[in-house]
Amino acid sequence: MNNGNRSTDFNMPTCIVWFRRDLRVHDHAALWNACCDAESVIPLFILDPTYLAHRETGSMRVQFLLECLADLDASLRCRGARLTLLLGRAEEVLPRFVRAVAASAVYASTDIERWSGQVRDRTLAQVAAAEGWRLRWFLNYYVQTEGEYDREAWQAAWTAHSKEALFPAPEYIPTPPVSLPADIAHINHIPTLAELGLPPAQTTLPGGETAARRRLEDFLSRRIDSYRRCLSSPALAEDDGTSRLSPYLKFGCLSQREAIQAGRRRWLTASQAGRKGLEAWASRLRWRDYFIQKFALYPQAEFVNLYTPFDEVRCPEEADATLLDAWRRGETGYPLIDASMRALRQTGLLNFRMRAMLATFLTINLFQAWQHGAEWFMQHLLDGDVCVDHWQWQMQAAITQPKSGFIRCYNPTKQCFDNDPDAVFIHRYVPELRPLPPPLVFQPWTLTEMEQQMYGVRIGVDYPAPIVDAEATRRQGVARLQAIRDRLASAEDLEAFVNRKDGVTPGVRIKSNSAAAPERIDCEPSDPEAPQSECEPDAA
C-alpha cells in the first residue's frame with residue numbers, strides 16, 4: 001500500500017505507536033517511522049489509574065489532556081486511523097495488547113517526567129526482550145538518558161537536534177480493526193472527568209495540536225514584538241502577552257523543534273523588537289530542555305533536596321499548617337502574592353516571575369519545605385511538568401548551585417511597583433482591594449484607621465494583615481540557607497553531597513572530569529531584583 005509517505009518494503013506486519021506526552025501527528029518520529037516500517041499501524045494511548053490518582057494530578061490538567069486526546073483522535077481519523085484507548089497500568093496492559101493484536105514492535109517517544117515512568121519503561125523493555133517483540137524509543141524533545149553527560153557536548157547535540165529536518169505528518173495511516181479480549185480494559189470514546197472519577201474543571205486554553213499550531217502562528221505573527229515587555233507583568237502575560245504554549249509543549253501537542261524552527265523563519269522578517277522577543281523566547285525553550293536534562297541526571301530531585309545538608313532545615317514533616325494554608329488560599333496579606341495564587345487556582349496559568357515570587361515567599365519568607373509548594377503547583381498548573389517545576393522549586397528554594405554565592409528572594413511589594421504598577425492584576429483577582437488605588441493597594445497594612453473607613457477596606461476583616469514581616473523573614477531565611485551554601489561552596493566535589501534515594505538510579509551520569517565544575521544553570525545576577533530573563537523556562 002503506497003500512500004506518498006510509505007514504501008512497500010515493510011519490516012513487520014503490525015506496529016503499535018504508543019502515544020504518551022507526544023500528542024500530535026506533525027514531527028512525530030515514532031509515528032513516521034512506524035508508517036515506513038510496518039504494514040499496519042495501531043495508535044495507542046494508555047490511561048493509567050496511578051497517574052489519575054497521583055497526589056500531584058489536577059482535574060484541569062487532566063481535562064486538557066482529554067481535549068488533546070480528542071484532537072489527536074480526530075487527526076488520526078482524517079488519515080484513516082483511530083486512537084485505541086486502554087485503561088490500566090502500562091506494564092500490565094501493554095504486553096497483553098501486543099499479544100492480542102500480534103504486533104511485532106512498539107514505537108514510542110522517550111519520556112522521563114517521573115521516576116516511576118522511567119522504572120515502567122525499563123520494566124517494559126525487559127518484558128519486550130523476554131517475549132520477543134521490539135520496544136523502540138524515539139526523541140520527543142532532546143534529552144540524554146544514558147552514558148556520560150558533558151555540558152558542552154549536550155549543548156551541541158541539542159542545537160543539532162533543533163536544526164534537523166522535521167518529520168511530516170503521514171498522509172495515511174493504515175490501521176486495522178482492533179478487537180480486544182475481555183481481560184484488556186479499554187474504552188471506545190474519550191472519557192469525561194466524571195467517568196474517570198475526577199471533579200469537574202474547565203480549561204483556560206483548548207487542548208490539542210490544532211489549537212497549539214494556531215497559537216504558535218498567532219504568537220509569531222502578531223505578538224512577538226511585545227513579548228519581552230510583557231514577560232514579567234502578570235496582567236500583560238495573562239492578556240496574551242506571552243506565548244501561552246507551555247501546556248502544549250508539556251503534552252507534546254507541539255514539537256519544540258518545530259516551534260524553534262518556526263521562530264528562526266520568523267526572524268528573517270521580524271522587526272528589531274521582534275528579534276529581541278524571539279531571542280528571549282528561544283532562550284526559554286532551550287532552558288526548558290536543560291532543566292529536563294538536569295532531572296535526567298538527578299531524578300531523585302522529584303522527592304528530596306538535591307544536596308543532603310539542606311535536609312537539616314525545612315523538613316516537609318514539620319510544616320506550619322497555618323502559614324501553608326494562608327499561602328495556598330491567597331490570604332497572606334501581600335496583595336500580589338495573593339493575586340498570583342488566586343490566578344493560579346482559577347486559571348491554571350501564571351507567568352514565571354509570579355511563580356518564582358510565590359516560591360521564594362513560601363520557602364524563604366515562610367521557610368516551608370519546597371515539596372509542599374511543588375505539589376500544590378502541580379495540582380493546579382495547566383502546564384505542570386515535574387522535570388521543570390520540581391527543579392525550579394529547588395532552584396527558588398536556594399538549594400541548587402550553592403557555589404554561586406547568591407540567594408534571590410523576591411520582594412512582594414517591590415514587585416507590585418515593578419510589574420503591576422496600575423494594580424490591574426491585583427484588582428482582577430483580589431476584589432476586596434478594588435477600592436484601593438495604587439500605590440496604596442500595594443501596602444494596605446499601612447492604611448490609617450481613617451483611610452480604612454474612607455475606602456471601606458478594614459485590614460484584618462475585609463483583607464488580612466501580613467502573616468509575616470517580609471523583610472525580617474527574608475533576612476532570617478537567607479542567613480540560615482547561606483550558612484549551608486557556604487559550607488557546600490568550600491567543597492571540592494559537590495557530587496559527594498548529592499542526596500541519594502533508595503531505588504533511584506539514573507541511567508546517565510556526570511562525566512567524571514566535569515563533576516566538580518560549577519554549571520551556571522541558575523544565571524543568578526548580583527542584583528536580587530534583576531531580571532532572570534536568561535534562565536526562565538517558557539511558562540504560560
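**Note on packing, a buried aspartate and cysteines**

1. Ile 426 touches Pro 335, Leu 336, Ala 339, Cys 416, Asp 420, Leu 433, Val 441 and Phe 442, residues up to four places away in sequence not being counted; contact means heavy atoms within 4.5 Å. The model is predicted: local features need pLDDT of at least 70, side-chain atom pairs count only at pLDDT 80 or more, and totals for chains, interfaces and linings use all residues. Residues are numbered from 1 along each chain as its sequence is written, and side-chain values use heavy atoms, with hydrogens and water left out.

2. The largest nonpolar core has 147 residues, of which Leu 23, Phe 45, Trp 281, Trp 327 and Ile 426 touch the most other members. Helix α12 (residues 272-297) contributes the most to this core, namely 11 residues. Such a core is a set of buried Ala, Val, Leu, Ile, Met, Phe, Trp, Tyr and Cys residues joined through side-chain atoms within 4.5 Å; helices (H or I, at least four residues) and strands (E, at least two) are DSSP runs, numbered from the N terminus.

3. Asp 27 lies in the loop between β1 (12-19) and α1 (29-37). Asp 27 counts as buried because its relative accessibility is 4% (buried means under 20% relative accessible area, exposed over 50%, partly exposed in between; 1.4 Å probe, protein chains only). Beyond its neighbours within four places in sequence, Asp 27 contacts Leu 166, Phe 167, Ser 255, Arg 257 and Glu 258.

4. The whole structure contains zero disulfides, a disulfide being a pair of cysteine sulfur atoms within 2.5 Å. Cys 68 is buried, at 0% relative accessible area; its sulfur is 3.3 Å from the closest cysteine sulfur, in Cys 253, too far for a bond.
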